[in-house]
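Dear colleague,

Please find below the structure that I am handing over to you. A short account of the findings follows it.

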Amino acid sequence: MSKWSTEEEARNEIKQLVADFYHEFKEPKESKANFKPGDRVSYASRVYDEKEMQALTDATLDFWLTTGRFSDEFEKEFASWIGVKYAHLVNSGSSANLIAFTVLTAPELGERQIKRGDEVITVACGFPTTVAPILQYGAVPVFVDVTVPQYNIDVARLEEAYSPKTKAVMIAHTLGNPFDLKAVKEFCDKHNLWLVEDNCDALGTKYTIDGVTKFTGTWGDIGTSSFYPPHHMTMGEGGAVYTENPLLHRLILSYRDWGRDCICPSGHDGVCGHRFDKQFGELPFGYDHKYTYSHFGYNLKVTDLQAAVGCEQLKKFPSFIERRRHNWDRLHKALEGVSDKLILPEPAANSEPSWFGFLISVKPESGLDRNKITRYIEDHNVQTRLLFSGNLIKHPAFDQIRGTDAYRVAGSLEVTDFVMNNTFWVGVYPGMTDAMIDYMAKTIIEATEL
């Protein structure tokens, strides 16, 4: 005879055991005040508690292993929080960028459809999967230089980058610091260009244009986010694509879900009521709409197990943003004394960043070497990172296309090369304590005295 009278009762007991397990084996046992100088300081880490583990268990007990009720809940709550009509989960931030670009190649967009050979303005100083979908499709990325200390696109060069083939601008907000959205939007509006905001490193950042304040990722036509463990919040793997545009919303679903024409969610049939009574392409009349494909798509859905974790992370997210800002401010103040040797980051005008990291550049006139500084910092148990690719076109991936018309550089990439040679960053994730920030600052200062 069962010890439980209902499934809900069984679930509650199992979830309570999971909470007990977390408190016994996973909860940090030492007080945060016990951090000792020299202990490991990671650039990023997961921040979670028993709630995420219980939600993950709840999803496991459903054994609905693809997109399901937790995914639906997250998409609804995330869209409401960030302020858009439509948000769709995918399996990574890189997949989100792939979908965001690929939907702009759909024939339904008419004259605004991006075709092979068309150009997309972007930067080489960033993460490669912002650019990879453009090249993989056969469009032409046009690389524009950046500025320091914001580390975002140099908007003064946008007109130089423009040509009659330009169809879109696709760029990321750098480590929480937004690019000049006002200037970029005005440029896109002037030339009728799509704007894709890679918001993977800036979730929670706010930007104000003409008295209106919104989250980054919602000013352009499409925004993307990543929920990889080091990011602002996590699902383990996961990402999101979001938009206000009903047509782009429909295209996102199609390209994400195999390229099919049907809008039925997994496990549901006949939502539209016209499954067997339409003509598509050269298929026979009445061909099953669930197996009708209007695009060359992918399967990039997230699992419900990941989404369940995300639902709990989203509840904590405002506190994550607040702590990131606190940590960034404390570190900036602590390093002001070495600003004669290091270029410290500055927030973009009209912004309230949700910081992903703290960018530092070594001033050439200081005589210091970036690599020696980062080695010293790493040797003292503080993780550092470079600004991703530095200059993407210098990487081996470009060896076979370097110097061809597969891409174009507008002007020079002088500042991008400066970043490649002189810049690094350290973390400010919400699990960091004041003691950790202070030790990190002390170590960086020591590194400038070598």
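Predicted model: local features only at pLDDT ≥ 70, side-chain atom pairs only at ≥ 80, totals over all residues.

Residues are numbered from 1 along each chain as its sequence is written, and side-chain values use heavy atoms, with hydrogens and water left out.

A search of the whole structure finds zero disulfides (pairs of cysteine sulfur atoms within 2.5 Å). For Cys200, the nearest cysteine sulfur is that of Cys125, 16 Å away. For Cys311, it is that of Cys200, at 19 Å. Cys311 is buried, with a relative accessible area of 7% (buried means under 20%, exposed over 50%, partly exposed in between, with a 1.4 Å probe and protein chains only). Cys200 also counts as buried, at 7% relative accessibility.

Strand β2 covers residues 119–123, and five of the five are buried, so the strand is largely enclosed by the rest of the structure. (Helices, H or I of at least four residues, and strands, E of at least two, are DSSP runs numbered from the N terminus.) Glu119, Ile121 and Val123 lie on one side of β2, with Val120 and Thr122 on the other.

β2 pairs in parallel with β3 (residues 140–144) through five bridges and with β6 (residues 166–172) through three; pairing requires at least two DSSP bridges between two strands. Val120 has Pro141 as its bridge partner in β3 and stands opposite Ala168 in β6.

With kind regards
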